[in-house]
Amino acid sequence: MTTQPLLVVENLQTHFPVRRGLLRRVSGSVQAVDGVSFSIAKRRTLGLVGESGCGKTTVGRSILRLVEPTGGDVRFAGASVRGMNARDLRALRRRMQIVFQDPYGSLNPRMTVRGILEEGLVIHRMGDARDRLARMRRALDRTGLTAATLERYPHEFSGGQRQRIAIARALVLEPEFLVLDEPISALDVSIQAQVVNLLVELREELGLTYLFISHDLSVVEYVSDDVAVMYLGRLVERADAAALYRAPLHPYTLALFSAVPTIDPARRRRRIVLTGDVPSPSRPPRGCRFHPRCPLAESVCREVDPPATTLDGHLVHCHVAARELERSAGDVRAAAASIAEAMAAASAKPASDAAAASGTLKA
Ligand code: SF4
């Protein structure tokens, strides 16, 4: 398996201006994505997780320039996406496709499936009429639909079938990379597994590379090779999926994972309920963005943005995690166990005692 990165995202920023008053003057900005970096090797899947509003969907759309990034860079197969002119970007969009969350809103209700699938082929001038028909049939077949689908309208299908049509629309252009933006969260639970398995099969069969955006941690674990966790516009942790689920280091990741039901006693974690609301991305807290909700926050967390600490490909932005890794001489599992213990102790106490509980981690 090659490990050549197909996609490199470097310090990506996407800020949206906030306008106020009659003259709609810019009075600030919403920092939806603020300094996100990662890469995805060919044929690999990166799962991107976090609460609603953390910026994960904006990351996916910024990569394809469906929203314009305001800083950083995205490189696809070595070429800078941000530096591309309209013609190069159109050509690139054939190679990078997106499947949206809502299979009801993402398909034009006035077009037949033939029109929906053929539109991209015409825009990208792919093949003549006969060749386009063959491509459309092939894409439908790959997603488990028949050619009879072509002459029907989206409203004639169930949610799962519509999502298959949306996937076929992406596949018909023969892309190399797919952004899958919550592709199953609008579907009935009974058909979610079918669509997930279809995506996994297509990846193997066609050698695709995925950015899989979801808040469903169990599905992300099943689908992904690597997982990145976002909080308030930033990545807080990233690692190989198995390593991250086995030994999460960041307090926010621990809190997220503690909410996942499991029948495996070895992985059962004490539930950590975070208090407080997610701060506004237009006024993110200084220092660590998670500090107002973090049971382990210390004075340094309120002042200093935690830099990245990386060990064996496991990256974390947390002062306490960095210290625990140093103390455990690089034993990620030992560091993770000690942070989990302190989190469980801190979250079991009233807020005023939480800082004292985190003292179990101090020298
Ligand atoms: Fe952030 Fe500090 Fe909590 Fe780490 S311990 S997540 S740096 S507030």
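**Close-ups of the cavities, a pocket and a buried histidine**

**View 1. The shell around the ligand.** The shell residues around the ligand split into 10 nonpolar, three polar and no charged (Ala, Val, Leu, Ile, Met, Phe, Trp, Tyr, Cys and Pro count as nonpolar, Asp, Glu, Lys and Arg as charged, and the others, Gly among them, as polar). There are 13 residues around the ligand, and Cys288, Cys294, Cys301, Cys318 and His319 come nearest; a residue is near if one of its heavy atoms lies within 4 Å of the molecule. This is a predicted model, where local features need pLDDT of at least 70 and side-chain atom pairs count only at pLDDT 80 or more, while totals for chains, interfaces and linings use all residues. Residues are numbered from 1 along each chain as its sequence is written, and side-chain values use heavy atoms, with hydrogens and water left out.

**View 2. The largest cavity.** The ligand takes up the space of the largest cavity (a molecule sits in a cavity or pocket if more than half of its atoms lie within 2 Å of its grid points). On a 1 Å grid over the protein atoms alone, a cavity is a set of points where a 1.4 Å probe fits but cannot get out, and a pocket is an open set with protein on both sides within 12 Å along at least five of seven lines; lining residues have an atom within 4 Å of a point. The largest cavity holds about 90 Å³, volume being the space filled by probe spheres set on the points, which are joined across faces, edges and corners. Among its 13 lining residues, Pro251, Cys288, Cys294, Cys301 and Cys318 lie nearest the centre.

**View 3. The second largest cavity.** By class, that makes four nonpolar, two polar and one charged.

**View 4. The largest pocket.** Here we have a volume of about 460 Å³. Its lining counts 18 residues, with Gln97, Gly120, His124, Arg169 and Leu173 closest to the centre. Helix H2 (86-95), strand S6 (96-99), helix H3 (113-123) and helix H5 (159-171) each give two or more residues; helices (H or I, at least four residues) and strands (E, at least two) are DSSP runs, numbered from the N terminus.

**View 5. Histidine 314.** This residue sits in strand S12 (residues 314-317). Histidine 314 counts as buried because its relative accessible area is 5%, and buried means under 20% (1.4 Å probe, protein chains only). Beyond neighbours within four places in sequence, histidine 314 has contacts (heavy atoms within 4.5 Å) that include Glu237, Arg238, Leu249 and Val332.

Technical notes:
Buried < 20%, exposed > 50% of the residue type's maximum accessible area, 1.4 Å probe, protein only.
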